[in-house]
Amino acid sequence: MSTSDITTRVFLATGVPATFDKAGYEAMTWLQVQGIVSVGTIGVTDSIIDVPDLETGFTKGVKGARVGTVTALAMREIKSDAGQDALKTACEAFTEYSLKVLEPTASGEVEYISGLPHDWTRNERSTTAYAGYTANFRSNYPSVVTTIPA
């Protein structure tokens, strides 16, 4: 049976951890981003290198470099939220940040990613849209999925 992602929370920290493990991420200072509507996919994609073989006439694929996915974060506007302000500032900066996606009821886990926040955009203003924003986050390292911090 599938579980709901309701109660998922997102946090932002400046920089990357000293070590890319539970202890490294838990040592960071986190600020919650309020009003989260959705968190896009998190993961990596592999570049596939084609290796042709003249003898067999078949081209095989082998894995090349990996690249982190771009995770879209959608949020409703909360004017006084320090987390949204920090995420907007992070999107304008040229430095790496880290995200913590906390899933207390869905999986009982937390997923950490580090990379570049970018492309802060306001939602369309229309009769069918709400006031809010989207920010993208490009992972530069593999994610770390672990148990919720104590």
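**A first look**

Modeller: Start with a charge and a ring: the charged end of Lys100 sits over the ring of Phe11, 4.6 Å from the ring centre. A charge sits over a ring if NZ of Lys or CZ of Arg is within 6 Å of the ring centre and within 35 degrees of the ring normal.

Colleague: What kind of model is it, and how are things counted?

Modeller: It is a predicted model, where local features need pLDDT of at least 70, side-chain atom pairs count only at pLDDT 80 or more, and totals for chains, interfaces and linings use all residues. Residues are numbered from 1 along each chain as its sequence is written, and side-chain values use heavy atoms, with hydrogens and water left out.

Colleague: OK, how many helices and strands in the protein chain?

Modeller: Two helices and ten strands. Helices (H or I, at least four residues) and strands (E, at least two) are DSSP runs, numbered from the N terminus. From the N terminus on, the order is β-α-β-β-β-β-β-α-β-β-β-β.

Colleague: And what does the C-alpha trace span along its principal axes?

Modeller: About 65 × 45 × 40 Å. Of the 150 residues in the chain, 32% are buried. Buried means under 20% relative accessible area, exposed over 50%, and partly exposed in between (1.4 Å probe, protein chains only). Among contacts (heavy atoms within 4.5 Å) between residues at least 6 apart in sequence, 64% join residues at least 24 apart.

Colleague: Switching to aromatics. How many aromatic pairs are there?

Modeller: A search of the whole structure finds five. One of them is Trp30 with Tyr112, a tilted pair at 5.8 Å centre to centre and 35° between the planes. That pair links distant parts of the chain, since Trp30 is in the loop between α1 (22-26) and β2 (31-33) and Tyr112 is in strand β8 (residues 109-122), 82 residues apart. Rings of Phe, Tyr and Trp (its six-membered ring) pair if their centres lie within 6.5 Å; planes under 30 degrees apart count as stacked, over 60 as edge-to-face and the rest as tilted.

Colleague: Is Tyr112 buried or exposed?

Modeller: Tyr112 counts as buried, at 0% relative accessibility. Trp30 counts as buried too, at 18%.

Colleague: What else touches Tyr112?

Modeller: Thr146 does, and Thr146 also touches Lys22, Glu109 and Val110, not counting residues up to four places away in sequence. Thr146 lies in strand β10 (residues 144-147) and is buried, with a relative accessible area of 17%.

Colleague: And Thr45, buried or partly exposed?

Modeller: Thr45 is partly exposed, at 40% relative accessible area. Thr45 lies in strand β4 (residues 44-53) and touches Ala65, Arg66, Val67 and Thr69, again leaving out residues up to four places away.

Colleague: Last topic, pockets. How much space lies in the largest pocket?

Modeller: About 270 Å³. A pocket is an open set of points, on a 1 Å grid over the protein atoms alone, where a 1.4 Å probe fits, with protein on both sides within 12 Å along at least five of seven lines; lining residues have an atom within 4 Å of a point. The volume is the space filled by probe spheres set on the points, which are joined across faces, edges and corners.

Colleague: Which residues lie nearest its centre?

Modeller: Asp5, Thr8, Ser38, Val39 and Glu103, out of 13 lining residues. β3 (36-39) and β7 (97-103) each supply at least two residues of the lining, and the largest share, four residues, comes from β3.
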